[in-house]
Amino acid sequence: WGFEFKQFRNLSGLIVVGSVNQRDGSYLRFNQMKAARDAGAVWHAARHRVEGGFKTAVMFRFKRLDTTISSQVRDMISPKGSVTKPPLDTMASDRSPNVFASPAPHEVAFNSLCIVLQSQIPLQAGQTSAPANIKEVPEYLAVKLTLIDQGPSKTKSFVSVVHKAAKKGLGQPMETRLAEVALDPEAGVSLADGELHSVRVVYDGEILSVFIGDSELFQGREAPVVRLPLQLSKLLALELGQCFLGLCQDSSNGSHVVDFLSWRLTGPSLEDPWAGLTLNYQVKWPLSLLLSTPTLQRLASIFHFLFPLRRLSLALSAVWIRPRRKEDARSKLGNRVHLVRAAVAFLLDNLWAYFQTEVIEGQWTRLLKRVEDSADFDELRRLIESFLSGLQENLFLNYQPIVKLFQGLMGLARRVLGFLTRIDAAQEADFTALDPREALLRLEEETKAVGTELVERLEHFNAHYDSAGLYHLLQRLDFNDFYKEASARA
(Lines give C-alpha, C1' and ligand atoms only; values in the text may rest on other atoms or scores of the structure.)
Protein backbone atom coordinates (compact mmCIF):
# COMPACT_ATOMS: atom_id res chain seq x y z
CA TRP A 1 0.00 0.00 0.00
CA GLY A 2 1.38 3.39 -0.99
CA PHE A 3 4.53 4.36 -2.88
CA GLU A 4 7.42 6.78 -2.84
CA PHE A 5 9.38 8.29 -5.73
CA LYS A 6 12.16 10.37 -4.21
CA GLN A 7 13.37 10.94 -7.76
CA PHE A 8 11.99 9.75 -11.04
CA ARG A 9 14.98 7.74 -12.25
CA ASN A 10 12.87 4.59 -12.08
CA LEU A 11 9.33 4.92 -13.45
CA SER A 12 8.27 1.39 -12.52
CA GLY A 13 4.63 1.34 -11.46
CA LEU A 14 3.83 4.60 -13.25
CA ILE A 15 1.87 5.24 -16.44
CA VAL A 16 3.28 8.31 -18.19
CA VAL A 17 1.14 9.70 -21.02
CA GLY A 18 1.03 12.81 -23.15
CA SER A 19 3.43 15.73 -23.07
CA VAL A 20 5.70 14.60 -20.22
CA ASN A 21 9.50 14.40 -20.32
CA GLN A 22 12.00 12.79 -18.01
CA ARG A 23 14.69 15.42 -17.37
CA ASP A 24 18.26 14.54 -16.43
CA GLY A 25 16.97 11.16 -15.35
CA SER A 26 15.86 12.62 -12.02
CA TYR A 27 12.66 14.61 -12.43
CA LEU A 28 9.61 14.82 -14.69
CA ARG A 29 8.33 17.82 -16.60
CA PHE A 30 4.88 18.68 -17.84
CA ASN A 31 5.47 20.80 -20.94
CA GLN A 32 3.56 23.98 -21.67
CA MET A 33 -0.10 23.21 -22.23
CA LYS A 34 -1.38 25.68 -24.79
CA ALA A 35 -4.30 23.47 -25.84
CA ALA A 36 -5.84 20.11 -24.93
CA ARG A 37 -3.48 18.23 -27.27
CA ASP A 38 -0.50 19.41 -25.16
CA ALA A 39 -1.75 17.77 -21.96
CA GLY A 40 0.27 15.26 -19.97
CA ALA A 41 -0.32 13.04 -16.95
CA VAL A 42 1.38 10.58 -14.64
CA TRP A 43 -0.74 7.85 -13.01
CA HIS A 44 0.15 5.24 -10.45
CA ALA A 45 -0.97 1.92 -11.89
CA ALA A 46 -2.40 0.38 -8.69
CA ARG A 47 -5.52 1.08 -6.70
CA HIS A 48 -4.97 2.47 -3.21
CA ARG A 49 -7.21 2.40 -0.16
CA VAL A 50 -8.16 6.03 0.51
CA GLU A 51 -11.61 5.97 2.09
CA GLY A 52 -10.31 5.73 5.65
CA GLY A 53 -7.55 8.27 5.08
CA PHE A 54 -4.28 8.92 3.25
CA LYS A 55 -1.39 11.35 2.90
CA THR A 56 0.17 12.29 -0.41
CA ALA A 57 2.90 14.85 -1.08
CA VAL A 58 4.45 16.24 -4.28
CA MET A 59 7.56 18.42 -4.62
CA PHE A 60 7.12 20.64 -7.68
CA ARG A 61 7.68 24.03 -9.26
CA PHE A 62 6.18 26.15 -12.02
CA LYS A 63 8.78 27.53 -14.43
CA ARG A 64 8.26 30.06 -17.21
CA LEU A 65 10.02 29.02 -20.39
CA ASP A 66 12.56 31.24 -22.12
CA THR A 67 11.24 32.50 -25.46
CA THR A 68 13.96 35.13 -25.90
CA ILE A 69 17.47 34.61 -27.24
CA SER A 70 19.86 34.55 -24.29
CA SER A 71 23.57 35.31 -24.48
CA GLN A 72 24.30 31.58 -24.22
CA VAL A 73 22.18 30.92 -27.30
CA ARG A 74 23.59 33.91 -29.21
CA ASP A 75 27.07 32.50 -28.72
CA MET A 76 25.94 29.36 -30.53
CA ILE A 77 24.63 31.21 -33.60
CA SER A 78 26.68 30.27 -36.63
CA PRO A 79 27.78 32.83 -39.24
CA LYS A 80 24.86 31.75 -41.42
CA GLY A 81 22.45 32.57 -38.66
CA SER A 82 21.48 29.01 -37.77
CA VAL A 83 21.13 28.07 -34.11
CA THR A 84 22.49 24.86 -32.69
CA LYS A 85 20.51 22.96 -30.07
CA PRO A 86 21.36 24.21 -26.55
CA PRO A 87 22.18 21.67 -23.86
CA LEU A 88 19.44 20.26 -21.67
CA ASP A 89 18.85 22.43 -18.65
CA THR A 90 19.43 21.17 -15.13
CA MET A 91 17.66 21.88 -11.91
CA ALA A 92 20.46 24.26 -10.91
CA SER A 93 20.13 26.33 -14.06
CA ASP A 94 16.35 26.44 -13.72
CA ARG A 95 16.32 28.45 -10.50
CA SER A 96 16.12 31.93 -12.05
CA PRO A 97 12.69 32.23 -13.63
CA ASN A 98 12.47 36.00 -13.94
CA VAL A 99 14.64 36.21 -17.05
CA PHE A 100 12.06 34.40 -19.12
CA ALA A 101 9.54 35.96 -21.39
CA SER A 102 5.95 36.48 -20.24
CA PRO A 103 2.66 36.26 -22.14
CA ALA A 104 1.77 39.03 -24.53
CA PRO A 105 -0.02 42.05 -23.00
CA HIS A 106 -3.68 41.37 -22.09
CA GLU A 107 -3.11 37.64 -22.66
CA VAL A 108 -3.97 35.52 -19.64
CA ALA A 109 -2.30 32.15 -19.10
CA PHE A 110 -3.77 29.56 -16.75
CA ASN A 111 -1.29 26.95 -15.49
CA SER A 112 -2.58 24.14 -13.29
CA LEU A 113 -1.16 21.02 -11.66
CA CYS A 114 -3.80 18.62 -10.36
CA ILE A 115 -3.54 15.80 -7.83
CA VAL A 116 -6.38 13.56 -8.98
CA LEU A 117 -8.32 10.73 -7.35
CA GLN A 118 -10.51 8.66 -9.68
CA SER A 119 -11.92 5.14 -9.90
CA GLN A 120 -13.90 5.23 -13.16
CA ILE A 121 -11.03 4.39 -15.54
CA PRO A 122 -9.17 1.17 -14.59
CA LEU A 123 -5.39 1.22 -14.92
CA GLN A 124 -2.71 -1.45 -14.74
CA ALA A 125 1.07 -1.70 -15.00
CA GLY A 126 2.39 -1.75 -18.56
CA GLN A 127 -0.61 0.12 -19.89
CA THR A 128 0.26 2.64 -22.59
CA SER A 129 -3.00 4.58 -22.74
CA ALA A 130 -4.56 6.59 -19.93
CA PRO A 131 -6.16 10.03 -19.54
CA ALA A 132 -3.61 12.75 -20.33
CA ASN A 133 -6.04 15.57 -19.56
CA ILE A 134 -8.15 15.77 -16.43
CA LYS A 135 -11.14 16.58 -18.62
CA GLU A 136 -10.95 13.03 -19.99
CA VAL A 137 -11.75 11.61 -16.54
CA PRO A 138 -15.53 11.14 -16.10
CA GLU A 139 -15.52 11.45 -12.30
CA TYR A 140 -12.83 12.73 -9.96
CA LEU A 141 -11.83 14.69 -6.90
CA ALA A 142 -8.78 16.88 -7.43
CA VAL A 143 -6.58 19.34 -5.59
CA LYS A 144 -5.57 22.04 -8.08
CA LEU A 145 -2.56 24.32 -7.85
CA THR A 146 -3.20 27.16 -10.28
CA LEU A 147 -0.94 29.97 -11.43
CA ILE A 148 -2.67 32.75 -13.39
CA ASP A 149 -0.06 34.64 -15.39
CA GLN A 150 -0.36 38.03 -17.08
CA GLY A 151 3.34 38.83 -16.80
CA PRO A 152 6.14 38.69 -14.19
CA SER A 153 4.48 41.25 -11.95
CA LYS A 154 0.90 40.17 -12.65
CA THR A 155 0.50 36.67 -11.26
CA LYS A 156 -1.92 35.07 -8.85
CA SER A 157 -1.64 31.68 -7.15
CA PHE A 158 -4.57 29.58 -5.97
CA VAL A 159 -5.20 26.25 -4.26
CA SER A 160 -8.60 24.70 -4.88
CA VAL A 161 -10.45 21.44 -4.34
CA VAL A 162 -12.76 20.47 -7.19
CA HIS A 163 -15.14 17.60 -7.86
CA LYS A 164 -16.66 16.26 -11.03
CA ALA A 165 -19.55 13.82 -10.70
CA ALA A 166 -20.21 10.98 -13.12
CA LYS A 167 -22.63 11.73 -15.94
CA LYS A 168 -26.29 11.15 -15.13
CA GLY A 169 -28.99 11.64 -17.70
CA LEU A 170 -28.47 13.76 -20.81
CA GLY A 171 -26.60 16.68 -19.29
CA GLN A 172 -22.84 16.95 -19.32
CA PRO A 173 -21.14 16.64 -15.91
CA MET A 174 -19.71 19.89 -14.62
CA GLU A 175 -16.77 20.49 -12.34
CA THR A 176 -17.77 21.89 -8.94
CA ARG A 177 -15.37 23.98 -6.88
CA LEU A 178 -15.65 22.83 -3.27
CA ALA A 179 -13.02 25.22 -1.89
CA GLU A 180 -10.57 27.82 -3.19
CA VAL A 181 -7.90 29.87 -1.42
CA ALA A 182 -5.60 32.52 -2.87
CA LEU A 183 -1.96 32.19 -1.79
CA ASP A 184 -0.48 35.35 -0.34
CA PRO A 185 2.99 36.18 -1.79
CA GLU A 186 3.69 38.39 1.23
CA ALA A 187 3.30 35.30 3.41
CA GLY A 188 6.11 33.70 1.48
CA VAL A 189 4.15 31.40 -0.84
CA SER A 190 3.89 32.20 -4.53
CA LEU A 191 3.80 29.63 -7.30
CA ALA A 192 5.30 32.22 -9.66
CA ASP A 193 8.68 32.47 -7.92
CA GLY A 194 10.17 29.53 -9.81
CA GLU A 195 11.32 27.89 -6.56
CA LEU A 196 10.59 24.39 -5.37
CA HIS A 197 7.42 23.95 -3.33
CA SER A 198 5.77 20.98 -1.70
CA VAL A 199 2.06 20.31 -1.50
CA ARG A 200 0.78 17.81 1.01
CA VAL A 201 -2.80 16.50 0.92
CA VAL A 202 -4.01 14.83 4.12
CA TYR A 203 -7.37 13.08 4.47
CA ASP A 204 -8.42 11.51 7.80
CA GLY A 205 -11.73 10.03 6.70
CA GLU A 206 -13.70 13.19 7.47
CA ILE A 207 -11.58 16.26 6.63
CA LEU A 208 -9.36 16.98 3.63
CA SER A 209 -6.46 19.34 4.43
CA VAL A 210 -3.98 20.88 1.99
CA PHE A 211 -0.60 22.19 3.13
CA ILE A 212 1.85 24.24 1.04
CA GLY A 213 5.51 24.52 2.02
CA ASP A 214 8.87 25.57 0.63
CA SER A 215 10.45 22.19 1.23
CA GLU A 216 9.48 18.58 1.70
CA LEU A 217 9.72 19.10 5.46
CA PHE A 218 7.13 21.93 5.40
CA GLN A 219 9.23 24.06 7.69
CA GLY A 220 7.58 27.20 8.97
CA ARG A 221 4.06 26.47 7.74
CA GLU A 222 2.04 24.01 9.77
CA ALA A 223 -1.47 25.37 9.27
CA PRO A 224 -3.38 24.03 6.23
CA VAL A 225 -4.31 26.49 3.50
CA VAL A 226 -7.46 24.44 2.87
CA ARG A 227 -9.45 22.46 5.43
CA LEU A 228 -12.57 20.92 3.93
CA PRO A 229 -15.01 18.46 5.57
CA LEU A 230 -16.01 15.75 3.08
CA GLN A 231 -16.54 12.03 2.64
CA LEU A 232 -14.82 10.47 -0.34
CA SER A 233 -17.32 7.63 -0.54
CA LYS A 234 -20.10 10.13 -1.24
CA LEU A 235 -18.15 11.87 -4.01
CA LEU A 236 -16.47 8.94 -5.78
CA ALA A 237 -17.63 5.43 -6.67
CA LEU A 238 -14.80 3.79 -4.76
CA GLU A 239 -14.13 0.09 -5.20
CA LEU A 240 -13.72 -1.33 -1.69
CA GLY A 241 -12.64 2.12 -0.58
CA GLN A 242 -9.91 2.24 -3.25
CA CYS A 243 -9.13 4.44 -6.24
CA PHE A 244 -6.29 5.49 -8.55
CA LEU A 245 -4.10 8.56 -8.02
CA GLY A 246 -2.50 10.69 -10.69
CA LEU A 247 -0.88 14.02 -11.52
CA CYS A 248 -2.57 15.82 -14.42
CA GLN A 249 -2.58 19.14 -16.19
CA ASP A 250 -5.55 21.45 -16.57
CA SER A 251 -3.98 24.49 -18.20
CA SER A 252 -5.18 26.91 -20.85
CA ASN A 253 -2.79 28.99 -22.95
CA GLY A 254 -0.11 27.77 -20.58
CA SER A 255 2.98 29.91 -20.06
CA HIS A 256 4.81 27.62 -17.63
CA VAL A 257 6.11 24.10 -17.52
CA VAL A 258 5.68 22.10 -14.31
CA ASP A 259 8.60 20.13 -12.89
CA PHE A 260 8.14 17.64 -10.08
CA LEU A 261 10.91 15.90 -8.19
CA SER A 262 9.16 13.59 -5.76
CA TRP A 263 5.79 12.02 -5.07
CA ARG A 264 4.71 9.80 -2.23
CA LEU A 265 1.58 8.23 -0.80
CA THR A 266 1.28 6.86 2.73
CA GLY A 267 -1.42 5.75 5.12
CA PRO A 268 -3.23 8.16 7.44
CA SER A 269 -1.67 7.05 10.72
CA LEU A 270 -0.45 4.09 12.73
CA GLU A 271 -3.98 3.46 14.05
CA ASP A 272 -4.10 0.28 11.97
CA PRO A 273 -0.59 -0.62 10.81
CA TRP A 274 -1.97 -3.71 9.07
CA ALA A 275 -4.05 -1.57 6.71
CA GLY A 276 -1.21 -1.47 4.18
CA LEU A 277 -0.85 -5.25 3.86
CA THR A 278 -1.46 -6.41 0.28
CA LEU A 279 -1.71 -9.74 -1.47
CA ASN A 280 0.63 -10.31 -4.40
CA TYR A 281 1.66 -13.32 -6.45
CA GLN A 282 4.33 -13.61 -9.11
CA VAL A 283 2.78 -15.68 -11.89
CA LYS A 284 5.02 -17.46 -14.35
CA TRP A 285 4.13 -18.36 -17.89
CA PRO A 286 1.94 -20.17 -18.95
CA LEU A 287 -0.10 -19.79 -15.75
CA SER A 288 -0.11 -16.04 -16.39
CA LEU A 289 -2.48 -16.69 -19.29
CA LEU A 290 -5.09 -17.71 -16.74
CA LEU A 291 -4.13 -15.51 -13.77
CA SER A 292 -3.78 -12.15 -15.49
CA THR A 293 -2.96 -8.88 -13.74
CA PRO A 294 -6.65 -7.79 -13.57
CA THR A 295 -7.53 -11.18 -12.07
CA LEU A 296 -4.85 -10.81 -9.39
CA GLN A 297 -6.02 -7.28 -8.64
CA ARG A 298 -9.56 -8.58 -8.05
CA LEU A 299 -8.21 -11.25 -5.69
CA ALA A 300 -6.18 -8.58 -3.88
CA SER A 301 -9.32 -6.47 -3.48
CA ILE A 302 -11.15 -9.41 -1.91
CA PHE A 303 -8.19 -9.95 0.44
CA HIS A 304 -8.26 -6.24 1.38
CA PHE A 305 -11.87 -6.67 2.43
CA LEU A 306 -11.62 -9.98 4.31
CA PHE A 307 -8.31 -9.61 6.13
CA PRO A 308 -9.24 -6.71 8.49
CA LEU A 309 -12.59 -8.33 9.23
CA ARG A 310 -10.93 -11.56 10.39
CA ARG A 311 -8.15 -9.75 12.24
CA LEU A 312 -10.63 -7.60 14.20
CA SER A 313 -12.70 -10.66 15.03
CA LEU A 314 -9.63 -12.36 16.54
CA ALA A 315 -8.59 -9.16 18.36
CA LEU A 316 -11.99 -8.85 20.03
CA SER A 317 -11.71 -12.47 21.18
CA ALA A 318 -8.20 -11.87 22.52
CA VAL A 319 -9.46 -8.94 24.62
CA TRP A 320 -11.98 -11.20 26.33
CA ILE A 321 -9.33 -13.63 27.63
CA ARG A 322 -7.18 -10.92 29.26
CA PRO A 323 -6.75 -11.33 33.04
CA ARG A 324 -9.72 -9.72 34.77
CA ARG A 325 -9.00 -6.96 37.29
CA LYS A 326 -10.35 -6.72 40.81
CA GLU A 327 -13.63 -4.94 41.31
CA ASP A 328 -13.00 -1.23 40.94
CA ALA A 329 -14.26 1.61 38.77
CA ARG A 330 -12.40 0.23 35.79
CA SER A 331 -13.79 -3.29 36.01
CA LYS A 332 -17.38 -2.12 36.58
CA LEU A 333 -17.22 0.06 33.53
CA GLY A 334 -15.29 -2.68 31.74
CA ASN A 335 -18.22 -5.06 32.19
CA ARG A 336 -20.43 -2.68 30.22
CA VAL A 337 -17.91 -2.21 27.45
CA HIS A 338 -17.38 -5.98 27.28
CA LEU A 339 -21.09 -6.30 26.54
CA VAL A 340 -20.53 -3.91 23.64
CA ARG A 341 -17.46 -5.94 22.66
CA ALA A 342 -19.54 -9.12 22.69
CA ALA A 343 -22.23 -7.56 20.48
CA VAL A 344 -19.70 -6.34 17.91
CA ALA A 345 -17.78 -9.63 18.00
CA PHE A 346 -21.06 -11.52 17.48
CA LEU A 347 -21.73 -9.60 14.26
CA LEU A 348 -18.16 -9.99 12.96
CA ASP A 349 -17.93 -13.70 13.83
CA ASN A 350 -21.18 -14.54 12.08
CA LEU A 351 -20.24 -12.53 9.01
CA TRP A 352 -16.89 -14.32 8.85
CA ALA A 353 -18.51 -17.74 9.26
CA TYR A 354 -20.93 -16.97 6.43
CA PHE A 355 -18.20 -15.64 4.13
CA GLN A 356 -15.85 -18.56 4.81
CA THR A 357 -18.26 -21.52 4.75
CA GLU A 358 -21.18 -20.43 2.59
CA VAL A 359 -19.37 -18.23 0.10
CA ILE A 360 -15.65 -18.99 -0.25
CA GLU A 361 -15.68 -22.74 0.34
CA GLY A 362 -18.86 -23.14 -1.66
CA GLN A 363 -17.54 -21.21 -4.65
CA TRP A 364 -14.16 -22.97 -4.46
CA THR A 365 -15.74 -26.45 -4.37
CA ARG A 366 -17.86 -25.65 -7.41
CA LEU A 367 -14.82 -24.27 -9.27
CA LEU A 368 -12.74 -27.41 -8.63
CA LYS A 369 -15.53 -29.68 -9.82
CA ARG A 370 -16.00 -27.71 -13.03
CA VAL A 371 -12.27 -27.53 -13.69
CA GLU A 372 -12.01 -31.33 -13.42
CA ASP A 373 -14.73 -31.67 -16.06
CA SER A 374 -13.17 -29.10 -18.39
CA ALA A 375 -10.45 -29.60 -20.99
CA ASP A 376 -10.80 -26.33 -22.90
CA PHE A 377 -8.52 -23.34 -22.20
CA ASP A 378 -11.13 -20.67 -22.95
CA GLU A 379 -13.60 -22.47 -20.73
CA LEU A 380 -11.03 -22.46 -17.90
CA ARG A 381 -10.75 -18.69 -18.19
CA ARG A 382 -14.54 -18.39 -18.11
CA LEU A 383 -14.69 -20.60 -15.01
CA ILE A 384 -12.15 -18.42 -13.18
CA GLU A 385 -14.07 -15.31 -14.19
CA SER A 386 -17.30 -16.91 -12.96
CA PHE A 387 -15.59 -17.86 -9.67
CA LEU A 388 -14.40 -14.29 -9.05
CA SER A 389 -17.75 -12.79 -10.01
CA GLY A 390 -19.51 -15.21 -7.67
CA LEU A 391 -17.20 -14.26 -4.82
CA GLN A 392 -17.69 -10.54 -5.35
CA GLU A 393 -21.47 -10.95 -5.66
CA ASN A 394 -21.91 -13.12 -2.54
CA LEU A 395 -19.47 -11.06 -0.48
CA PHE A 396 -21.66 -8.04 -1.38
CA LEU A 397 -18.68 -6.24 -2.89
CA ASN A 398 -20.84 -5.05 -5.79
CA TYR A 399 -23.20 -3.29 -3.38
CA GLN A 400 -21.58 -0.20 -1.93
CA PRO A 401 -24.25 0.54 0.74
CA ILE A 402 -23.66 -2.89 2.31
CA VAL A 403 -19.87 -2.60 1.96
CA LYS A 404 -20.02 0.75 3.77
CA LEU A 405 -21.96 -0.90 6.59
CA PHE A 406 -19.26 -3.58 6.88
CA GLN A 407 -16.58 -0.90 6.97
CA GLY A 408 -18.57 1.02 9.59
CA LEU A 409 -18.80 -2.13 11.68
CA MET A 410 -15.03 -2.64 11.46
CA GLY A 411 -14.46 0.99 12.43
CA LEU A 412 -16.73 0.47 15.45
CA ALA A 413 -14.71 -2.64 16.40
CA ARG A 414 -11.48 -0.57 16.35
CA ARG A 415 -13.05 2.08 18.60
CA VAL A 416 -14.22 -0.58 21.08
CA LEU A 417 -10.73 -2.09 21.16
CA GLY A 418 -9.23 1.35 21.71
CA PHE A 419 -11.69 2.07 24.50
CA LEU A 420 -10.81 -1.18 26.29
CA THR A 421 -7.11 -0.44 25.90
CA ARG A 422 -7.52 2.99 27.49
CA ILE A 423 -9.45 1.48 30.41
CA ASP A 424 -6.72 -1.09 31.05
CA ALA A 425 -3.93 1.49 30.76
CA ALA A 426 -5.49 4.22 32.92
CA GLN A 427 -4.41 4.65 36.52
CA GLU A 428 -7.20 4.84 39.09
CA ALA A 429 -6.96 8.61 39.64
CA ASP A 430 -6.63 9.38 35.95
CA PHE A 431 -9.47 7.01 35.17
CA THR A 432 -11.85 8.76 37.55
CA ALA A 433 -10.96 12.11 35.99
CA LEU A 434 -11.37 10.64 32.50
CA ASP A 435 -15.07 9.92 33.08
CA PRO A 436 -15.56 7.83 29.93
CA ARG A 437 -19.23 7.03 30.54
CA GLU A 438 -20.43 9.40 27.83
CA ALA A 439 -18.09 7.81 25.29
CA LEU A 440 -19.28 4.35 26.34
CA LEU A 441 -22.89 5.40 25.93
CA ARG A 442 -22.14 6.51 22.37
CA LEU A 443 -20.50 3.14 21.66
CA GLU A 444 -23.58 1.31 22.99
CA GLU A 445 -25.94 3.37 20.86
CA GLU A 446 -23.76 3.04 17.77
CA THR A 447 -23.48 -0.74 18.19
CA LYS A 448 -27.25 -1.09 18.32
CA ALA A 449 -27.72 1.23 15.31
CA VAL A 450 -25.08 -0.53 13.17
CA GLY A 451 -26.51 -3.98 13.91
CA THR A 452 -30.07 -2.87 13.19
CA GLU A 453 -29.17 -1.23 9.87
CA LEU A 454 -27.05 -4.22 8.83
CA VAL A 455 -29.90 -6.68 9.41
CA GLU A 456 -32.33 -4.36 7.60
CA ARG A 457 -30.05 -4.07 4.55
CA LEU A 458 -29.42 -7.81 4.37
CA GLU A 459 -33.12 -8.61 4.72
CA HIS A 460 -33.90 -6.19 1.90
CA PHE A 461 -31.19 -7.81 -0.21
CA ASN A 462 -32.47 -11.32 0.54
CA ALA A 463 -36.02 -10.34 -0.39
CA HIS A 464 -34.82 -9.62 -3.93
CA TYR A 465 -32.34 -12.49 -4.37
CA ASP A 466 -33.73 -15.23 -2.08
CA SER A 467 -30.37 -16.75 -1.15
CA ALA A 468 -30.45 -19.80 1.13
CA GLY A 469 -27.02 -18.98 2.58
CA LEU A 470 -28.01 -15.38 3.28
CA TYR A 471 -31.22 -16.57 4.92
CA HIS A 472 -29.13 -18.70 7.30
CA LEU A 473 -26.91 -15.69 8.07
CA LEU A 474 -29.96 -13.56 8.92
CA GLN A 475 -31.28 -16.31 11.17
CA ARG A 476 -28.01 -16.31 13.06
CA LEU A 477 -27.67 -12.52 13.27
CA ASP A 478 -31.22 -11.95 14.51
CA PHE A 479 -32.14 -15.30 16.04
CA ASN A 480 -34.21 -13.66 18.81
CA ASP A 481 -35.65 -10.79 16.69
CA PHE A 482 -33.65 -8.26 18.73
CA TYR A 483 -32.73 -6.08 15.75
CA LYS A 484 -36.10 -6.48 14.09
CA GLU A 485 -37.86 -5.21 17.22
CA ALA A 486 -35.35 -2.38 17.56
CA SER A 487 -36.08 -1.38 13.96
CA ALA A 488 -39.82 -1.44 14.60
CA ARG A 489 -39.43 0.77 17.67
CA ALA A 490 -37.28 3.21 15.70
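This is a predicted model: local features need pLDDT of at least 70, side-chain atom pairs count only at pLDDT 80 or more; totals for chains, interfaces and linings use all residues.

Residues are numbered from 1 along each chain as its sequence is written, and side-chain values use heavy atoms, with hydrogens and water left out.

**Exercise 1. Describe the protein chain as a whole.**

Step 1: Begin with the helices (DSSP runs of H or I, at least four residues) and strands (runs of E, at least two), numbered from the N terminus. The protein chain has ten helices and 16 strands.

Step 2: Turn to burial, where buried means under 20% relative accessible area, exposed over 50%, and partly exposed in between (1.4 Å probe, protein chains only). Of the 490 residues in the protein chain, 46% count as buried.

Step 3: Look at contacts, meaning heavy atoms within 4.5 Å. Among contacts with a separation of 6 or more, 74% are between residues 24 or more positions apart.

**Exercise 2. Classify histidine 472, serine 12 and phenylalanine 396 as buried, partly exposed or exposed.**

Step 1: Histidine 472 lies in helix α9 (residues 468-477). Its relative accessibility is 43%, so histidine 472 counts as partly exposed.

Step 2: Serine 12 sits in the loop between β1 and β2. Serine 12 counts as exposed because its relative accessibility is 54%.

Step 3: Phenylalanine 396 belongs to the loop between α5 (377-394) and α6 (400-425). With 1% relative accessibility, phenylalanine 396 therefore counts as buried.

**Exercise 3. Find the neighbours of serine 19.**

Step 1: Locate serine 19 in the loop between β2 (14-18) and β3 (20-23).

Step 2: Leaving out residues up to four places away in sequence, serine 19 touches Arg29, Phe30, Asn31, Asp38, Ala39, Gly40 and Gln249.

Step 3: Check for a polar contact (a pair of N or O atoms within 3.5 Å; within protein, one must be able to donate a hydrogen and the other to accept it, and residues adjacent in sequence count only if both atoms are side-chain atoms). The side chains of serine 19 and asparagine 31 make one, at 2.9 Å.

**Exercise 4. Which backbone features stand out?**

Step 1: Recall that most residues other than glycine have a negative phi, and most peptide bonds are trans.

Step 2: Asparagine 253, in the loop between β15 and β16, has a positive phi of about 55°. Phenylalanine 396 also has a positive phi, near 65°.

Step 3: Tryptophan 285 and proline 286 are joined by a cis peptide bond, with omega about 10°. Proline 286 lies in the loop between β16 (256-266) and α3.

**Exercise 5. Describe the lining of the second largest pocket.**

Step 1: On a 1 Å grid over the protein atoms alone, a pocket is an open set of points where a 1.4 Å probe fits, with protein on both sides within 12 Å along at least five of seven lines; lining residues have an atom within 4 Å of a point. Of its 34 lining residues, the closest to the centre are Ala45, Ala46, Arg47, Gln297 and Ala300.

Step 2: Helix α3 gives the most to this lining, with eight residues.

Step 3: The lining has 15 nonpolar (Ala, Val, Leu, Ile, Met, Phe, Trp, Tyr, Cys and Pro), five charged (Asp, Glu, Lys and Arg) and 14 polar residues (the others, Gly among them).
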